[in-house]
Amino acid sequence: MFTKQQRSGIFLLLTLIASLQLTYYFIDFSSDPLALNEAQMKEIQLELDSLFIVKAQDKQPKIFPFNPNYITDYKGYTLGMSVMEIDRLHNFRKENKWVNSAREFQTVTKVSDSLLAEISPYFKFPEWVTNKQSNSSYKTSLFSNTPKTYEQKIDLNKASAAQLQKVNGIGEKLSVRIVSYRDRIGGFHADIEIKEVYGLSPEVISGVLDQFTVKSPRPIKRININTATIDELVTVKYIDYEIAHSIIEQRVLREGFQKIEDLTKVKGFPVNKIEIIELYLTFD
């Protein structure tokens, strides 16, 4: 029934099977157990323990340098601060005050010495704060950290670059940038517009507004958000045609807007620029 070639193949297969069975039967493939003395076992165990410790340390959250003035609730929790300690810091900052040293941080928050010693090495204050002690110009500056009254403040629209440089944290480049931006837009309309200048940190902005304020505001045209057309809305800074369409859709659904916060419900509305946009709107 089989050809000669098929019979040869079957014979070869049977021979191979028989050879493997005999090999498995006569040859001992088992190996002797690895013999380890007690000293070697301890050495291996110590190495494993060290690897587990390194792995556990890698899983621990790492702390990077940060400014303690901007500790959030979550950040304070991860640092080991209590709710009361975090609230003390937030209340202190609401008074427009700043923590400028580790010791002052402890005075405000009343954290323990042990916690302060653990987290204070990661505190990072602005350079003008850390160099304040060695820079005598700060001591003789006409601009103190004490906020001035409206009458005492200098008109922000008339301040020179040299006057702006006397604010802690403002050098030649930033002062020129503020003046250039002010001239380009035709003067500030309100203090809040100082935030539009690129490169100013919250600390520097606070320092500027402690000494300067807008006394001769730039005139601007305000539009009624409840009657404005799309073409009128797009003349407002940070509102494009897509946002303008969404504003009108929401206006119809809500039967008009009552306050600026209502615009935060508009799809795509630039919430982070709401204080600037508010300057150009009325809700009559």
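## Basis of the model

Residue numbers start at 1 in each chain as its sequence is written, and side-chain values use heavy atoms, without hydrogens or water. In this predicted model, local features need pLDDT of at least 70 and side-chain atom pairs pLDDT 80 or more, while totals for chains, interfaces and linings use all residues.

## Helix H1

Met 1 belongs to the segment before helix H1 (4-26); helices are DSSP runs (H or I) of at least four residues, and strands (E) of at least two, numbered from the N terminus.

None of the 23 residues of H1 is buried, so the helix lies largely in the open. Buried means under 20% relative accessible area, exposed over 50%, and partly exposed in between (1.4 Å probe, protein chains only).

## Arg 218

Arg 218 occupies the loop between strand S2 (212-213) and strand S3 (223-224) and counts as buried at 12% relative accessibility. Its side chain makes a polar contact of 3.2 Å with that of Tyr 280; such a contact is a pair of N or O atoms within 3.5 Å, where within protein one must be able to donate a hydrogen and the other to accept it, and residues adjacent in sequence count only if both atoms are side-chain atoms.

## Positive phi values

Asn 96, in the loop between helix H4 (83-94) and helix H5 (102-109), has a positive phi near 60°. Tyr 238 has a positive phi near 75°.
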